[in-house]
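Dear colleague,

Please find the structure below, with the sequence beside it.

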Amino acid sequence: MSDALDNIFNSDPELAERAERAEANARPDVAGTFRAYEPDPAGGFPRALHKWRVTSAVPAIADAVAELLGGTPHELDTEAEDAIAVDTDTDRVEVVIDGPEAIQFDMKHWVNGKLAHHCDTRAFLSPPEDVGVPCRCPRTIAELRARAKDERGPKPDIRIGFRLAHDPSLGVFRYKTSGWTLISELPALKNSLAKVGGPALVNLINERVQYESKGREVDYQKLTAKVIKSYEAAITDTPASAVEEEPPF
């Protein structure tokens with residue numbers, strides 16, 4: 001049975017439109033985060049998720065993600081704002097990335113919850129009084145990684161912003177990682193996006209990698225991003241081959 005509020009909004013399109021705008025304005029800048037790992041409750045290494053998990057602070061967004069990608073929204077035991085999680089039924093999702101500028105990469109070192117070092121491997125990016133000052137970080141990934149492993153240097157902070165291709169109105173989602181494997185693949189991804197010259201339809205895959213090295217089983221998740229074609233071509237059903245010339249990465 002409907003109530004007075006339902007009746008008013010159903011009979012007043014202008015009022016309903018204002019309410020929709022108010023709801024949109026109240027949404028956070030980031031609609032949700034795509035995750036390939038979850039924290040270990042015992043405090044150990046994060047546990048791999050072989051299907052995408054999406055977390056959000058907005059129940060309506062979590063519901064929409066579940067409708068599109070499967071899964072059921074549930075509350076996480078966390079103090080983070082995006083405490084609603086959807087463990088989806090898929091390891092891949094079609095998204096829209098606006099261009100190379102949607103990929104951000106810098107280096108950060110956190111100590112006791114505080115940002116102690118923030119740079120681009122050449123100069124500091126914060127705090128304001130240190131911006132532009134040489135950070136004296138090593139020049140190679142191997143050296144950077146070794147220092148980070150010893151808690152003496154920053155780790156990667158990679159963020160990719162995108163919208164869901166099948167419902168862009170939900171807002172901007174993000175994928176973020178502090179892993180090292182994606183760094184070497186970022187130039188090819190950015191070049192592929194630049195070739196499109198505008199918003200691109202991209203397949204984001206939560207890929208499981210397994211192999212044996214020196215008698216040890218290696219098993220981890222990595223992001224694979226395949227640029228398909230321009231989003232404009234996709235929505236107008238214009239035939240187009242994948243723009244990537246390099247092997248899939």
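Threonine 177 is buried, because its relative accessible area is 18% and the cut-off for a buried residue is under 20%. Please keep in mind that this is a predicted model. Threonine 177 belongs to strand β10, and, when residues up to four places away in sequence are not counted, Thr177 touches Pro156, Asp157, Ile158 and Leu182. Between threonine 177 and lysine 222 there are 9.6 Å in space, C-alpha to C-alpha, although the two are 45 residues apart in sequence.

**The largest pocket**

The largest pocket holds about 2,200 Å³ of space. It is lined by 48 residues, and those closest to its centre are Tyr37, Pro46, Thr177, Ser178 and Gly179, so that you meet threonine 177 again here. Several elements give two or more residues to this lining, namely β1 (32–38), β2 (47–56), β6 (103–111), α4 (141–149), β9 (155–164), β10 (173–177) and β12 (216–230). Which of the elements gives the most to the lining? That is β12, with eight residues. By type, the lining of the largest pocket divides into 21 nonpolar, ten polar and 17 charged residues.

**Methionine 107**

A second residue to look at is methionine 107, which is found in strand β6. Methionine 107 is buried, since its relative accessible area is 1%, and the cut-off is again under 20%. Leaving aside neighbours within four places in sequence, Met107 is in contact with His117, His118, Cys119, Thr121, Leu144, Pro154, Lys155, Pro156 and Trp180. One of these, lysine 155, is 48 residues from methionine 107 in sequence, yet the two are 5.3 Å apart in space, C-alpha to C-alpha.

In helix α5 (residues 186–196), the buried residues are Leu186, Ala188, Leu189, Ser192, Leu193 and Val196. Where do the buried residues of α5 lie when seen down the axis? They fall within an arc of 165 degrees, and therefore they line one face of the helix. Just after α5 comes glycine 197, which takes a positive phi of about 75 degrees.

Not counting residues up to four places away in sequence, phenylalanine 173 touches Ala31, Gly32, Thr33, Phe34, Val54, Ile61, Val65, Ile160, Gly161, Phe162 and Leu164.

**The chain as a whole**

The secondary structure of the chain comes to six helices and twelve strands, and of its 249 residues, 39% are buried. Of the contacts in the chain with a separation of 6 or more, 56% are between residues 24 or more positions apart.

With best wishes

Terms used: Residues are numbered from 1 along each chain as its sequence is written. This is a predicted model: local features need pLDDT of at least 70, side-chain atom pairs count only at pLDDT 80 or more; totals for chains, interfaces and linings use all residues. Side-chain values use heavy atoms; hydrogens and water are left out. On a 1 Å grid over the protein atoms alone, a cavity is a set of points where a 1.4 Å probe fits but cannot get out, and a pocket is an open set with protein on both sides within 12 Å along at least five of seven lines; lining residues have an atom within 4 Å of a point. Grid points are joined across faces, edges and corners, and a volume is the space filled by probe spheres set on the points. Helices (H or I, at least four residues) and strands (E, at least two) are DSSP runs, numbered from the N terminus. Ala, Val, Leu, Ile, Met, Phe, Trp, Tyr, Cys and Pro count as nonpolar, Asp, Glu, Lys and Arg as charged, and the others, Gly among them, as polar. Buried means under 20% relative accessible area, exposed over 50%, partly exposed in between (1.4 Å probe, protein chains only). The arc is that of the directions from the helix axis to the C-beta atoms. Contact means heavy atoms within 4.5 Å.
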